[in-house]
Amino acid sequence: MADLVRYEIKDGVAVITIDNPPVNALSPAVWEGIDQAVARASADPAAEAIVLIGAGTTFIAGADIKVFDTLKTREDSMTRSAGTHALLRRLEDAPKPLVAAIHGNALGGGLEVAQACHFRVATKDAKVGQPEVLLGIIPGAGGTQRLPRLAGAKMALEMSTDGKPVPAPKAQQAGIIDQVIDSRDGDLLTGAIGFAKSKAKNRETRKTREISLSDDQKKAGLEAVEAARAALQKTAKGMHAPHAAVNAIEAGLRRPFDEGSVRERELFAECVVSTESKALRHLFFAEREVAKVPDVPKDTAAKDVKRAAVVGAGTMGGGIAMTYANAGIPVLLKEVDQAALDRGLATIRRNYDVTMSKGKMTAEQVEKTMALITPTTSYDGFDQVDIVVEAVFENMDLKKATFAELGRVTRPDAVLASNSSTLDIDEFARASGRPSQVLGHHFFSPANVMKLLEIVRGRDTSKEAIATSLKLAKKLGKVGVVVGNCFGFVANRMLAYYMREAYLLLEEGASVEQIDRTLTEFGLPVGPYGMQDIAGIDVGARIRQYLKSIGKTRAEGPQSEIPDQLFEMGRYGQKTGAGWYKYDAPGSRNRTSDPLIEQLAEHAAKKRGITRRPIADEEIIARITTALANEGARVLEEGYATRASDIDIIYAYGFGFPRHRGGPMFYADTVGLDTVLARVKEYRARFGDYWEPAPLLEKLAAEGRGFYSEATVKA
């Protein structure tokens, strides 16, 4: 414990240093160490004041998340939370000025500790926040009670429901931080000691819990509470934790501090044992696991990508170029002719103008970023880049020809990546003449926004190319997940089964609107039909045409003709003003239902001999999530995904599968694999043998295990 929390006297001030690398997480030993050190300082005649500071690069970045797994019941959580509340009350009752000196991050429990101190100082680049909601919980150590007293209810509600950190200057304006330490005045510790000594002159202390709110502040706070609830109806569908945070803050506005604290502990206890919190904590750790590829050691040499090139300036190519430029990496953007290049650059410019109009970039930043993108209609300069991303039309012959050319015009050590969403990476690798340098970099649309990068490993892809890709993904602000090379890889292979059920449900009697509504209420950002209209119906249609030419389909079972009929009508979605929905104009997002779709569904049902029927929302969710889990089990068993958690990360970041449900594999575990298997068997009896249970699903269900049981995943 002495190593985790150090105590020393400097210039008459007790300096308590938390040293629990890498982020000074609040483990039980750290909590106890802080408690004992403050008590020691309070009684130490050599100390006139106390400074609490973090070693290394941060103050306290939050609680040790693994501790939450030990809270098995509501009663366990209440007991633990009560102990923490009492500990922070002891800090607040210290008889000498207690100053939190913040650098890096003061997040979650870290900010709650700081709020229990009498004063808070911070470096200019420090950040404070209450991101507990991102783990399906609420601040459980007084954060919902103290923060409104410091910053007002409105800001406390924002911080506790969106989880976003606040920079120190803004936190100072709000009253959370008392002083920002300017680097010109010395380092943080020197400034904090000086601040603490100035307060010690008059034995000045201030207990946050005793700050009283006026009637006007309470009234404004309660109005902010109702506004927050209304906003959450749209932004937090199916989630409990954001609403619990609002309820806890409301309790603090309506009740005295101690009563509000009891309500906070009750709500925290309900959250921490919830499936929602377990799902979000699962994804937190899953994201850290994806970078661990079993046969690619951590010390594998990884190239530092300093210059890049993108071939193809369409929707995906332009977005990929923006991704590189946003990361500060110069990028060549190639097209076949000037007209296509101009269209691509115009789209990029419009995207940056929208970002600027929202106040997220200045005009100067836009110009500086645009300058990193060099347009070209030739391969001049490709011999200088570290990586090329191919983003041409999804056509095997065209892509193979492109890779053959790239093999000639780039350096032998350059990584050659394809943004193909479905096609065989090994075909491109052979065409390039250097298969060890070729792999897939499957970005998701819009590429400059979506966080997922599916890194597709070919038969001969080198470990160095994989390591370089994982390092690059982080630099680009993406979550890189390494997957195997099969048709559609992991994301789109499973999506084919998701879409098969969506199409068949439409023919059987559900409507486009009902299916989309049901899935957005489940927590997806957009339903399958809205998603297709955004991505372009033509994209899927051309993939199906290619598959048909080689005698394959995207998924086993009957294939609806309706998507191809829409393609033949020129209804590609938003970009043509009509797809599954009608739009006000090409490019518009304002959509309305189209009776034509119902007519096509009725015709398709009649052709296949189906009697249409009302379909409950519950069946829509069950059919689609079961299809995902069953195919996910095959993907896992065949080794195309390393872990079930990799699949969950792919679906959370690639398709917006609701994080509070943990991803399709975790969600299947919460439903129960015996239930999932029973559904597969029921659907097989009702619809046909294409609903064949995955062997891994049958095995796990028979053993009473889940995808996350010990030794389930394929190493």
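Predicted model: local features only at pLDDT ≥ 70, side-chain atom pairs only at ≥ 80, totals over all residues.
Residues are numbered from 1 along each chain as its sequence is written, and side-chain values use heavy atoms, leaving out hydrogens and water.

**Strand β11 and its partners**
- In a regular strand, side chains alternate between the two faces of the sheet.
- Strands here are DSSP runs of E with at least two residues, and helices are runs of H or I with at least four, numbered from the N terminus.
- Strand β10 (residues 308–311) runs parallel to β11, joined by 4 bridges; two strands pair if DSSP finds at least two bridges between them.
- V311 stands opposite K334 of β11.
- From β10 the chain passes through helix α12 (residues 315–326) to β11, in a right-handed β-α-β crossover (clockwise from the first strand over the helix to the second, with the strands pointing away from the viewer).
- Strand β12 (residues 373–376) is also parallel to β11, with 4 bridges between them.
- T376 in β12 is the bridge partner of K334.

**Helices α4 and α5**
- The axes (lines fitted to C-alpha atoms over the stretch in contact, with angles from 0 to 180 degrees between N-to-C directions) of α4 (residues 143–151) and α5 (residues 153–162) come within 7 Å and cross at roughly 135°.
- The contact (heavy atoms within 4.5 Å) is made by L147, P148 and A151 of α4 with A153, M155, A156 and M159 of α5.
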